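Have a look at the sequence and the model below. We'll then walk through it together, one spot at a time.

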Amino acid sequence: MHFISQELEDYIEQHSENEPALLAALNKETYQKILLPRMLSGHFQGRVLSMLSKLICPVNILEIGTFTGYAALCLCEGIQENGQLHTIDIKEELVDFQRKYFDKSPWGNQIVQHLGEAISILPTLEIKFDLVFIDADKENYINYFELILPKMNKGGIILSDNVLWSGKVLGPLQKNDLSTKVLLEYNKLLKNDSRVESVLLPIRDGLTVSRVL
């Protein structure tokens, strides 16, 4: 679902920072070789992630949902020299694809890949994070949030992707649509939870920025 016209989206991209060459190559190869390539963050959202990371200057970053690694590389653009990005995904077939582009970037040795269910991996990470990007299975967004929050530094930022869910959050809710049901609950949680302050941005499929209090 396009919330604004394709022409306006094109204009926005044209008047934002250019897509770095490495990310353009990753974008192209993802569309050539990988199923569901629209899951990739893409030029405009990627520049938003990059800008936020540069403003935050995080030491440690967490990403839930690596896909082909585009967003991870955008987030790394603001990482400190002594920092790490930990990224979690369940798709074993994408690990080598991700690593190829990670190692072509300046941050290859700072990116740690985790293969498996985030619900199981998150409790094992004994790290405090400054920046988190949640972009995996929507049914677990609330579970991820509750697992992540104790691992956040005060003032840290949690980014939640796809919170508009192609407009499905406006209903009517279908009986068996668990993803939309959870996202509706999650959006209310972020609005009302006294542990964070949040703003929902109409970027692509919806991006909520939450600051840990």
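What follows is a short tour of a few places in this structure.

First, some ground rules: this is a predicted model, where local features need pLDDT of at least 70 and side-chain atom pairs count only at pLDDT 80 or more, while totals for chains, interfaces and linings use all residues. Residues are numbered from 1 along each chain as its sequence is written, and side-chain values use heavy atoms, with hydrogens and water left out.

Searching the whole structure turns up one cavity of 30 Å³ or more. (On a 1 Å grid over the protein atoms alone, a cavity is a set of points where a 1.4 Å probe fits but cannot get out, and lining residues have an atom within 4 Å of a point.) The largest cavity holds about 40 Å³ of space, a volume being the space filled by probe spheres set on the points. Among the residues lining this cavity are Thr 66, Lys 91, Gln 113 and His 114. Strand S2 (84–89), helix H5 (95–104) and strand S3 (111–115) each give the lining at least two residues, with S3 supplying the largest share, three residues. Helices (H or I, at least four residues) and strands (E, at least two) are DSSP runs, numbered from the N terminus. By class, the lining has two nonpolar, five polar and two charged residues; Ala, Val, Leu, Ile, Met, Phe, Trp, Tyr, Cys and Pro count as nonpolar, Asp, Glu, Lys and Arg as charged, and the others, Gly among them, as polar.

Now find His 43, which sits in helix H3 (residues 42–56). Is His 43 buried or exposed? His 43 counts as buried because its relative accessible area is 14%, where buried means under 20%, exposed over 50% and partly exposed in between (1.4 Å probe, protein chains only). Its side chain makes a polar contact of 3.3 Å with that of Glu 13; such a contact is a pair of N or O atoms within 3.5 Å, and within protein one must be able to donate a hydrogen and the other to accept it, while residues adjacent in sequence count only if both atoms are side-chain atoms.

Met 152 belongs to strand S5 (residues 152–161) and is buried, at 6% relative accessible area. Setting aside neighbours within four places in sequence, Met 152 is in contact (heavy atoms within 4.5 Å) with residues including Phe 129, Leu 131 and Val 212. Val 209 is in strand S7 (residues 207–212) and counts as buried, at 14% relative accessibility. Leaving out residues up to four places away in sequence, Val 209 touches Leu 52, Ile 157 and Val 199, among others.

How do two of the helices meet? The axes of helix H7 (residues 141–148) and helix H8 (residues 178–192) come within 9 Å and cross at roughly 35 degrees. (Axes are lines fitted to C-alpha atoms, for helices over the stretch in contact, and angles run from 0 to 180 degrees between N-to-C directions.) That contact includes Phe 145 of H7 and Leu 189 of H8, and it has eight nonpolar, no polar and two charged residues.

Gly 171 and Pro 172 are joined by a cis peptide bond, with omega about 0 degrees, and Pro 172 is in the loop between S5 and H8. Leu 36 is not a glycine, yet has a positive phi of about 55 degrees; Leu 36 counts as exposed, at 54% relative accessibility.

Terms used
1 Å grid on protein atoms, 1.4 Å probe; cavity = no way out; pocket = protein on both sides within 12 Å on 5 of 7 lines; lining within 4 Å.
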